[in-house]
Structure formats: C-alpha cells, structure tokens
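Let's walk through this structure together, one part at a time. Keep the viewer open as you read.

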Amino acid sequence: MDAIRGLMEFIDAAPTAFHAAQLAASALEGAGYQKLEEQKTWAIAPGGRYYVTRNRSSVIAFRIPKRGFAPFQISASHGDSPCFKLKPNPEKASQGLAQLNVEKYGGMLMSTWLDRPLSVAGRLIVAGEKGLETRLVNVDRDLAVIPNLPIHFNRSANDGVAFNAQADMLPVIGAEGADVMAAVAEAAGVGKDSVVGSDLFLYNRDRAALVGAEGEFICAPRLDDLACAYTSLRALLDAKPSNHIDVYCLFDNEEVGSGSKQGAGSTLLIEALRRVALALDAKPQALEAALAASFLVSADNAHAAHPNHPEKYDEQNRVRMNGGVVVKSNAAQKYTSDGLSAAVFEGICKRACVPTQRFANRSDIPGGSTLGNIALSHASMNAVDIGLAQLAMHSARETMGARDVEHMIHALTAFHESEIRIMGDGNLEF
Ligand code: CO
C-alpha cells in the first residue's frame, strides 16, 4: 500500500516532466546521491552514488560498486506525458472570454481533455540581476477548461467527432482580459515583467484515485510513464549494493520522438557513461567492453486488453492489469526485447516470484513505439522492453492495476541485485 500511495503522490506532484525530474532528484539526494553538473569535471569514487540532470527535465543516476568501473545495469523510463503546450503569445479573446493558444504535445486522445478543470505548469525563465534563472512553476488551482460543443449543434457527436487542435482545443481561462502570465508569475513568486521565457503546459487537475470493487485499480493522469518512472526509482533506491554500475534514466520528450538534447535520442546517456569510465580511470577499451556486457531495461507502460474491444489485441499475447510485469516484443524492433533478453528478464522475475506476461501487437495494427530502441542507437547493449498493463493509454486519465506497482518494484529491484554476466556468443549467467 505504501508503494501504491507513493506512486499516487508522485503523480499528483508531477504535472510536467520538469516536476517529475525534480521529484526524482530530491528522492536521490535524500538517499545520499550527490549531484554532478555536466558543465564541470566529474570526480567519482568507487562506492559512490551520483546523479546528473539535463534541461532540468531528464535525470541520470548511477551507483558505483566498491570495486570501481564495471558493466552497467540500466533502467530507463520517461517523465513526459501527452498534453497541450502553450504557444508564444498564448492569450487570445473570443466572445468576451479569454482563451489560451495551445498546441498538441504528443498524441493524446483529445476528447478526454474536454470539460474538466485544467491548470498550467512548467518552467519560467526569469531575468535576474546577473542573468537568467530557471524556476519551476505550478499554478496549482483550477484555472482553465476546454468546453465541448453542445450535442444540439452536433447531433452526430456520439457517432464520433473529428477534433482540430487549432480550432477545438483552446481552453477558456476567464473573462476577456484575464492574464494567464500574471497568474503564472504570481504562482512562481516573481514579477510578470521579469519573465523572459517559458515552457508551459496544460495539465489535468484530477488527482490519482483507487477505483474498483476492492480498489484494485489506480485511475490517474500520466500513468504512462510516471508509473515506471516512480517504480524504477524505488527499485534503484531499494536494491542492495551490487558489483555492477546500477543506472537510472528518466528521459523527457519520449512522447514527441525523443529527439531533443535531453531525450533518449540524445547523447545524454552515453556521455554520462563515458564520463563515469573516465572519472574512474578505466583503461582504454574498458567502456566498450563494459557496454558489450551491459543490460538495459526500457520500462514504459503496455496496453491491457480492453474488455469492450478484445478484438484489437493479439489473441495469444493479451495482457491484463494486476497480471504482473509485461515483456513486449515486436519483429520490427520497435521494442528492444529479443529471445535472449526476454529470457534473462523473465528468469530474474521468476526467481523474485514476480509474475510476468507477454505482449505483442496484432500483425495488422502497428502499435506504438518507445524510447528503448532510440536510446540504443547511442549506447548499444542487450535490452528488453517491459511495462505495466494499463487501459486508455494517452487519455487525460488512465487506469492500471494497483498490485502491479509492487510487481514492478520487486522485478526491478531483483534486476539491480542480479549480476548479469554477458560472455559473448549469446552466452550469459545471471
Ligand atoms: Co510511454
């Protein structure tokens, strides 16, 4: 229950990827992880624990074993979720009302954002005496709503509506003249005139809740992928010291293709690993040898079979909520799992008494992608794609199994505590 409550509080406190990264960083600090800065030379000692952030929206944490440099066992998840982002010049007026000019961030189910209290959060760039400062901000009160068109003006609405993000999704924030940037600046405790830049997002004000006859489901915004971001962090902090380097990655921008300087497609991870090797005085080729003996778990939520539409899922590879950790496979390699990596991960779960289940898409439905294979383009190593089964992915509010929170924490704790020894030619021990 403690882990379930912990996830729900994490979600409520993380309206944006910036806030998720900040929560992860403060949990790491609380557990004795030392902050490193990319702009400085890193001093790293055997037995030490460290973390680094980029853009304040992605985090890499690592724990060095007493024996020094060693292969890596890495978990990776993402802290961003589909939402709407404020455009420059966000305020506009229509019919005596003030609205916000927003655009889509990621591929959400747009209709789910209608007719519910929303607010604004993200970061502000503030001009100070000497330069620019970044401040995270959350207005943290019901501020906006995107109103539906009444059924009377769209009699076929229940047969399906095509939404146009430019025309249909602009929230109302008050009477004409209402000043969103003033509200945001006030929430950040800065003068409006000192705000010289911003990255601001709409978020759903719903709090995470337990739902079901026995409270067996968590119904919450941003379960994809804060469920994995939180459980993988807990696993790193819970795991006993090991003989390899344990690494935690929380990436921003997965929902828009991971292509930013802080996304999984960037050099963030490989540069961190290289700097760890250099700072520990690893020999030439030691990094390459370590990467070849390393293992990455890409943790991003999976599609539970929908009871109203079981036909959308592959008959042999349907997964259910509270059924354990999902191992995902895809012939086109959208998922990194292969026969070997799936066998290793399932073997670790079995030893830890954590149930697992297999997911594959229908052959005639392409499905989604995630960050695992993108991260591997810079840091190539054995990898598996896993997740927790959830309904309504990319809705403003999603549903997953409450018992799966512990399943994932136990699975990833066991992963960090296992010593995976990769010997080449597809032979290994764990
Ligand atoms: Co995801």
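Both histidine 78 and aspartate 224 are buried. Before we see what links these two residues, please keep in mind that this is a predicted model.

Next, let's turn to the cysteines. A disulfide is a covalent bond between the sulfur atoms of two cysteines. How many disulfides does the structure hold? It holds zero. For cysteine 219, the nearest cysteine sulfur belongs to cysteine 228, and it is 17 Å away. The sulfur of cysteine 228, in turn, has its closest cysteine sulfur in cysteine 349; at 12 Å, that is too far for a bond, given that a disulfide needs the two sulfur atoms within 2.5 Å. Are these residues buried or exposed? Cysteine 219 counts as buried because its relative accessibility is 14%, below the 20% cut-off. Cysteine 228 is buried too, with a relative accessible area of 0%.

Six strands form an open sheet in the order 8-7-10-5-6-9, and their pairing is antiparallel. Strand 8 (132–138) and strand 9 (172–175) are at the edges with a single partner strand each, so one side of each has no neighbour in the sheet. From one strand to the next, the twist averages 30 degrees.

Within this sheet, strand 5 (residues 83–94) and strand 6 (residues 97–105) pair over eight bridges in the antiparallel sense. Here serine 94 stands opposite leucine 97 of strand 6.

Two helices pack on the sheet. Helix 2 (residues 17–30) touches strand 7 (118–127), strand 8 and strand 10 (195–204), and its direction makes about 95 degrees with that of strand 8. Helix 4 (residues 180–188) touches strands 5, 6, 7, 8, 9 and 10, and its direction makes about 75 degrees with that of strand 7.

Note on methods:
Residues numbered from 1 in each chain as written. Predicted model: local features only at pLDDT ≥ 70, side-chain atom pairs only at ≥ 80, totals over all residues. Heavy atoms only, no water. Buried < 20%, exposed > 50% of the residue type's maximum accessible area, 1.4 Å probe, protein only. Pairing = 2+ DSSP bridges. Helix = DSSP H or I, 4+ residues; strand = E, 2+ residues; numbered from the N terminus. Axes fitted to C-alpha atoms, helices over the stretch in contact; angles between N-to-C directions. Contact = heavy atoms within 4.5 Å.
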